[in-house]
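Hi,

Here is the structure I promised to pass on.

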Number of protein chains: 2
Amino acid sequence: MWKPDRNSTDPLYQQIANDLEQRISYGEFPPGSLLPSERKLAEQLGVNRSTVVLAYSELRALGIIESRSGSGTRVSSSKWGATPKHTPNWHRYAKGGSFLPNPPFLRRIREALAQDPNLIDFASGELASDLVPVQEMNALMSQNPSMTYFGYVNPQGYGPLRQALVRYLAQYRGIHTTESSILITSGSQQSLYLITQCLLSPGDAVAIEDPSYCYSLPMFQSAGLRLFRLPVDERGVQPEDIRSLYKKHRIKMIFINPNFQNPTGTLMDQERRAQLLNTASELGLPIVEDDPYSLTAYQCEPPAPLKSADTLGSVLYIGSFSKMAASGLRVGWMVAPNSVVERLADARQQMDFGLSVVPQSLAGQFLASSYFAPHLDRLRMNLLYKRDLLIEALRKELQDLVEFHVPEGGHHLWCRIVPEVNDSKLLEASIQNGVIVAPGSVYGSTTGYVRFTFARARAEDIPIGISKFAQALGATIK
Amino acid sequence: MWKPDRNSTDPLYQQIANDLEQRISYGEFPPGSLLPSERKLAEQLGVNRSTVVLAYSELRALGIIESRSGSGTRVSSSKWGATPKHTPNWHRYAKGGSFLPNPPFLRRIREALAQDPNLIDFASGELASDLVPVQEMNALMSQNPSMTYFGYVNPQGYGPLRQALVRYLAQYRGIHTTESSILITSGSQQSLYLITQCLLSPGDAVAIEDPSYCYSLPMFQSAGLRLFRLPVDERGVQPEDIRSLYKKHRIKMIFINPNFQNPTGTLMDQERRAQLLNTASELGLPIVEDDPYSLTAYQCEPPAPLKSADTLGSVLYIGSFSKMAASGLRVGWMVAPNSVVERLADARQQMDFGLSVVPQSLAGQFLASSYFAPHLDRLRMNLLYKRDLLIEALRKELQDLVEFHVPEGGHHLWCRIVPEVNDSKLLEASIQNGVIVAPGSVYGSTTGYVRFTFARARAEDIPIGISKFAQALGATIK
């Protein structure tokens with residue numbers, strides 16, 4: 001006999017109501033038939049009577065069952081009549097669909113931040129508001145209120161922004177391309193989404209870094225892809241792993257973030273880059289290169305992307321404003337062969353009909369303006385300062401309890417927690433203590449890690465936050 | 001034996017190259033083996049030799065085959081060696097994926113408009129640029145360059161916009177709701193996309209109007225839904241059709257555009273509205289109400305939406321700025337039960353991480369500004385003027401060749417072409433003559449119709465456009 005699942009995030013009464021509704025709709029309980037008494041059903045299912053009472057009241061509200069005192073609870077007999085009207089079972093609809101919900105940790109983090117805006121935030125992969133060029137954006141909007149067009153734009157994106165990106169990519173990323181090879185997307189997220197939806201089919205195998213960007217994991221799973229992991233060490237992923245995955249699983253694509261990887265902060269080394277490109281082109285395998293962090297390189301020249309050495313055209317290159325300027329613009333871009341750009345642009349018309357022209361225009365103006373280079377300088381200096389504050393605090397508060405490599409760019413520090421610790425307990429204890437971090441398990445298979453994002457929190461809060469985290473860790477491992 | 005498909009949009013040489021690549025990868029031609037000579041293969045496939053020459057050169061470029069003079073063409077023997085490197089077969093990737101491309105007519109229309117900006121455009125479902133409140137938007141941007149936030153917004157959408165919408169919906173649409181029941185989307189298109197992806201599963205049956213909005217049709221098909229049609233007559237759809245579809249096919253949702261329907265311009269009558277809501281609530285069936293056109297009602301009060309009479313909460317309500325202000329803002333909204341809003345907002349994080357805050361802020365300011373009501377007045381007067389120009393021109397140029405109902409709101413006139421005519425030929429002849437229309441078959445099962453959008457073309461071009469269309473029609477039916 002069916003029993004409710006006590007580990008589910010759905011409340012027991014809801015599970016019971018859903019099960020009964022299904023059995024009724026399958027005709028197991030025909031219209032007019034008597035349902036078990038609340039007490040009896042509670043015994044059968046091993047739950048409290050009050051749980052069944054609640055489940056029945058839910059079904060009564062939906063018009064599916066009727067209770068009359070003295071004659072028990074029955075399936076509504078007049079489903080086709082005029083009388084009983086009911087709301088669609090929205091709960092059931094919301095649980096349906098092929099799209100997987102985000103993992104509980106991500107939703108818990110979002111919820112905790114919404115409930116308590118004073119939490120010191122080491123979890124959100126985003127710039128602090130004082131690192132966003134707010135004044136510059138406002139100046140561009142008020143100086144140049146010259147938008148003459150507010151209509152649908154070209155499915156590939158707004159022309160002037162694509163032209164500005166051609167110049168930006170040549171100057172800052174060593175990528176020489178043309179307007180027709182650029183697709184504007186809603187951040188890197190949409191580039192990844194379009195690739196998984198339109199170039200791959202359910203059941204296809206792909207290789208991703210382990211650990212890797214948390215918001216892409218559920219998306220890959222929603223697309224029905226089989227994920228194979230490429231472990232990231234301090235020099236990046238190992239190209240030989242790709243060859244063996246190809247032989248074993250016929251992987252069809254590689255997703256990689258070689259510069260200041262999220263979450264590890266790793267910079268892939270030169271030798272492995274060359275091997276990676278070689279291997280991919282020997283196998284005819286496409287590489288998707290996500291490159292959001294390069295221009296944050298604190299003290300060195302921004303590392304070149306794989307794409308700049310991609311003579312054979314194996315690389316789909318993804319960039320974005322989110323991590324180097326303003327996530328709220330939602331402007332990202334992909335550089336890809338024309339056939340791919342056209343396909344994705346066409347599909348995207350069905351999804352959202354393209355990105356708003358206003359942020360596209362603003363992003364294009366910002367890239368071409370004299371504000372851009374000074375903004376990057378200021379950003380890099382600030383990130384370096386915050387990184388050092390974080391490291392100082394970690395060394396002071398958690399000396400022997402943590403291990404990490406020092407990142408040379410990006411927003412994140414990937415930190416091993418030496419004592420064994422339960423991710424979920426650590427997260428809750430942190431929230432309780434007024435600080436929030438991203439548990440390592442959100443990023444893939446690894447446990448015993450935490451990602452500290454130092455870009456988001458205010459500088460003055462970083463030592464306080466780590467002190468609070470140290471208390472939470474202490475309480476958790478005790 | 002396989003033969004290339006001469007009706008395919010793919011060139012013959014590409015089909016041949018793809019077929020050979022597949023056969024090679026399946027081992028039909030093992031590494032090192034000899035392929036048929038160009039002449040022989042051309043004979044077998046019934047194509048010109050030059051077509052095979054081109055197919056072979058494609059495969060050589062991909063490193064899959066090698067030709068040496070005197071020894072013919074062979075499958076590359078060293079696929080695993082170091083020497084032959086090749087580009088991924090992007091063409092194959094672009095053809096893969098579960099997402100269906102848009103139908104050829106839609107792509108043809110887009111392409112023709114991109115190639116010749118002087119075409120008189122009766123095809124694009126969009127306002128003319130002089131009907132878009134460009135000055136008002138620019139004034140809001142330069143008067144209030146007060147954006148202090150450029151970060152990620154709440155997954156449901158920017159708070160101030162949702163607050164402005166609560167007031168707008170009460171005042172203009174008779175819908176009383178709360179901020180937490182509103183989801184901001186990239187136009188109506190994304191609302192529809194989220195519903196089909198997240199609340200329905202492949203194989204589910206849904207009911208849609210026939211004819212209906214062309215950009216939603218491929219989207220429904222991409223989601224693997226089974227579509228059942230509700231014929232639209234001059235009073236809208238017939239509610240009894242829904243009951244019989246439910247009995248026969250267990251439809252799980254109804255999609256409807258009751259006010260100035262796209263493409264027919266129909267206003268659903270009061271009696272049928274009441275019946276529709278009754279039927280839906282008796283069956284516990286959700287209705288998705290798309291309501292982009294109501295506020296364009298030329299001479300009457302804007303008709304109330306179904307949602308305003310939806311006491312049981314059966315209706316997911318969708319609205320948008322696109323048809324009443326500026327499509328390029330890409331701001332739309334959905335009013336839905338909390339469980340649905342939360343589910344869709346969560347899934348959307350995986351797709352695009354939400355809409356840019358800039359157009360959301362602008363849209364909220366515009367709704368709350370003193371610009372909004374006068375803009376609507378001006379819009380309605382202009383649309384009425386253009387509708388009358390179109391009707392006058394149709395009566396003058398095509399008197400007995402066309403039949404139509406006069407729409408009282410919206411952007412479109414749905415027009416039956418009395419003589420029998422091939423949609424594709426009529427479209428091409430129109431383009432040739434400098435005018436473009438949307439063939440009726442794009443909207444579903446109906447042929448012998450044309451949708452004229454009078455919102456898009458300049459007023460002075462409307463008579464000229466119809467005169468050109470009349471010539472094209474004359475040439476097509478001759």
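**What I found**

Let me start with one pairing in chain B: Cys415(B) has Val450(B), in S15(B), as its bridge partner. Keep in mind throughout that this is a predicted model.

That pair belongs to a bigger picture. Strand S12 of chain B (residues 412–417) and strand S15 of chain B (residues 449–453) are antiparallel and share five bridges. They sit in an open sheet of four strands in chain B, ordered S11-S12-S15-S14, with antiparallel pairing. At the edges are strand S11 (402–404) and strand S14 (438–439) of chain B, each of which pairs on one side only. As a reminder, strands of a sheet pair through backbone hydrogen bonds, in either a parallel or an antiparallel way.

Chain B has a parallel case too. Strand S7 of chain B (residues 253–256) runs parallel to S8(B), and three bridges join them. One of the partners there is Glu289(B) in S8(B), which bridges to Ile256(B). Strand S8 of chain B (residues 287–290) is covered on both faces. Ile287(B) and Glu289(B) are buried on one side, and Val288(B) and Asp290(B) are buried on the other.

Now for where the two chains meet. On chain A, 97 residues are in contact with 95 residues of chain B. Together the two chains bury about 8,100 Å², with 57% of that on carbon and sulfur atoms. Trp90(A), Phe150(A) and Gln350(A) supply 11% of the area chain A buries against chain B, more than any other three residues.

What about polar links? There are 44 residue pairs in polar contact between chain A and chain B, counting pairs with both residues at pLDDT 80 or more. Helix H13 of chain A (residues 338–351) gives eight residues to the side of chain A that touches chain B, the largest share. By class, that side of chain A has 49 nonpolar, 33 polar and 15 charged residues. The rule also finds two salt bridges across the interface of chain A and chain B. Asp346(B) forms a salt bridge with Arg110(A), and their closest N and O atoms are 3.0 Å apart.

Is Thr51(A) buried or exposed? Thr51(A) counts as buried because its relative accessibility is 14%, and the cut-off for buried is under 20%. Thr51(A) is in helix H3 of chain A (residues 49–61). Leaving aside residues up to four places away in sequence, Thr51(A) touches Leu12(A), Tyr13(A) and Ile16(A).

Cheers

How values were computed:
Residues are numbered from 1 along each chain as its sequence is written. Chains are lettered from A and ligands numbered from 1 in the order in which they are written. This is a predicted model: local features need pLDDT of at least 70, side-chain atom pairs count only at pLDDT 80 or more; totals for chains, interfaces and linings use all residues. Side-chain values use heavy atoms; hydrogens and water are left out. Contact means heavy atoms within 4.5 Å. Buried area is the accessible area (1.4 Å probe) that two parts lose on being put together, summed over both. A salt bridge is a side-chain nitrogen of Lys or Arg within 4 Å of a carboxyl oxygen of Asp or Glu. A polar contact is a pair of N or O atoms within 3.5 Å; within protein, one must be able to donate a hydrogen and the other to accept it, and residues adjacent in sequence count only if both atoms are side-chain atoms. Helices (H or I, at least four residues) and strands (E, at least two) are DSSP runs, numbered from the N terminus. Ala, Val, Leu, Ile, Met, Phe, Trp, Tyr, Cys and Pro count as nonpolar, Asp, Glu, Lys and Arg as charged, and the others, Gly among them, as polar. Buried means under 20% relative accessible area, exposed over 50%, partly exposed in between (1.4 Å probe, protein chains only). Two strands pair if DSSP finds at least two bridges between them.
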